[in-house]
Every structure is written in C-alpha cells, then in structure tokens.
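The sequence and structure come before the details.

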Amino acid sequence: MSVSEAMVKMIHFYAQGRKEKSHHDIDHFQKVWAFAKTIGELEGLDAYTQETLELAAIVHDIACPLCREKYGDADGPHQELEGPAMARGFYEDMGLSGEQLDRICFLVGHHHTLDQVDGLDYQILLEADFLVNADESQARRVQIERFRDRVYRTKTGIRLLNDIYGL
C-alpha cells in the first residue's frame, strides 16, 4: 500500500459516521504526517523507516473516535490502549511485512509515551505530533519550551518548533 492510498483510506475511515469530529481528525493527522515526512526526510531516514514513520503518522490517532465514544475522551493512555489493534486491522490486508506492521502498531501504541524512545521514527512521531498539538491546545510558550527541552532531539524538529512558535 502506498502512503497516498493509506491517506485516502484514513480520510474515509474518519468520515464514516463520525461527522462531528471528522474534519478535525482528518486535519490533525494530515498535519502530523506532513511534519513527520519533513522531519524524517531532513534527518536522513532510510526509505523503509521513512515509509514506516509516514504510515504510522497517518493512523497515530486512529482510536480517537472510539475513545471519545467509549471513554468520553481521547486521552493519550486510552489511544495507546485501543490504537494498536485498530492500526493492525487498518493495514493488515495492505501487503506490509509483519515487521513493518508490528512497528507501526508499536508507534501508535506509544505516541504519547515520552520515555523509552527506541528509534528515530519514534522520536520524529513524538515531535511531529507535538508540533500540531501545541497549536491545537493553544499551549503557552513556557509549556512549549519545557516540552522542547525535555523531548525534542532532532535538529529539524527543534528548528521547526522554534520557528513556528517564535522561540
């Protein structure tokens, strides 16, 4: 499956019976994907890891609609609990290797876990998601600076965060 095909499939997924939040969910994942793609390319990821990162970015919040229904919120721990199985179901018939599918599911299941980062793809997904979440949550400058200093590791991610938020 190509990244573009996954993008179209994810838009369709969010649009199915979820009109209330679908626009926000679609907008969010596309922004996260764009930042993940940009950071990954500029940090020199190999093609396989780049594709894995981009496919994970597309489905990183796949559990949000379910979590809002089931728990009344889309908090990170709920997403990490419900997301991996949903991501596996989303991609399992798309011809990905078992290894790649496992990594995508791992990333979806850890994209709010800030410690134990075990790869550049994981690091970049954290950074890309925060770039978007900081804006959507209207985070204060001090919160953004703390997150940058605690979590950000890539030159590209730090540059983007600093430029976007005037740090």
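## Helices H1 and H5

In H1, Ala 6, Lys 9, Met 10 and Phe 13 meet Met 86, Phe 90 and Tyr 91 of H5; contact means heavy atoms within 4.5 Å. By class, this contact of H1 with H5 has six nonpolar residues, no polar ones and one charged. Ala, Val, Leu, Ile, Met, Phe, Trp, Tyr, Cys and Pro count as nonpolar, Asp, Glu, Lys and Arg as charged, and the others, Gly among them, as polar. The model is predicted: local features need pLDDT of at least 70, side-chain atom pairs count only at pLDDT 80 or more, and totals for chains, interfaces and linings use all residues. Residues are numbered from 1 along each chain as its sequence is written, and side-chain values use heavy atoms, with hydrogens and water left out.

Helices (H or I, at least four residues) are DSSP runs numbered from the N terminus. The axes of H1 (residues 3–15) and H5 (residues 76–91) come within 11 Å and cross at roughly 120°, which makes H1 oblique to H5. Axes are lines fitted to C-alpha atoms, for helices over the stretch in contact, and angles run from 0 to 180 degrees between N-to-C directions. Angles under 35 degrees count as roughly parallel, over 145 as roughly antiparallel, 65 to 115 as roughly perpendicular and the rest as oblique. The crossing of H1 and H5 is right-handed (the near helix is turned clockwise from the far one by less than a right angle).

## Helices H4 and H5

The H4 and H5 axes cross at roughly 130° and come within 9 Å, so H4 is oblique to H5. H4 passes H5 in a right-handed crossing.

On the H4 side, the contact is made by Cys 64, Leu 66, Cys 67, Lys 70 and Tyr 71, which meet His 78, Gln 79, Leu 81, Glu 82 and Met 86 in H5. Six nonpolar, two polar and two charged residues make up this contact of H4 with H5.

## Helices H8 and H9

H8 (residues 141–151) and H9 (residues 155–165) have axes that come within 11 Å and cross at roughly 170°, so H8 is roughly antiparallel to H9. Arg 141, Ile 144 and Arg 148 in H8 meet Ile 158, Leu 161, Asn 162 and Tyr 165 in H9. The residues of this contact are four nonpolar, one polar and two charged.

## Trp 33

Trp 33 lies in helix H2. Not counting residues up to four places away in sequence, Trp 33 touches Val 3, Met 7, Glu 54, Ala 57 and Ile 58. Val 3 and Trp 33 are 30 residues apart in sequence, and their C-alpha atoms are 9.9 Å apart in space.

## The largest pocket

The largest pocket has a volume of about 280 Å³. Of the 17 residues lining the largest pocket, His 24, Asp 61, Gln 79, Asn 133 and Glu 136 are the closest to its centre. On a 1 Å grid over the protein atoms alone, where a 1.4 Å probe fits, a pocket is an open set of points with protein on both sides within 12 Å along at least five of seven lines, and lining residues have an atom within 4 Å of a point. Grid points are joined across faces, edges and corners, and a volume is the space filled by probe spheres set on the points.

Helices H2 (19–42), H4 (64–71) and H7 (120–136) are the elements that give two or more residues to the lining of the largest pocket. H2 gives the most, with four residues. The lining of the largest pocket has three nonpolar, six polar and eight charged residues.
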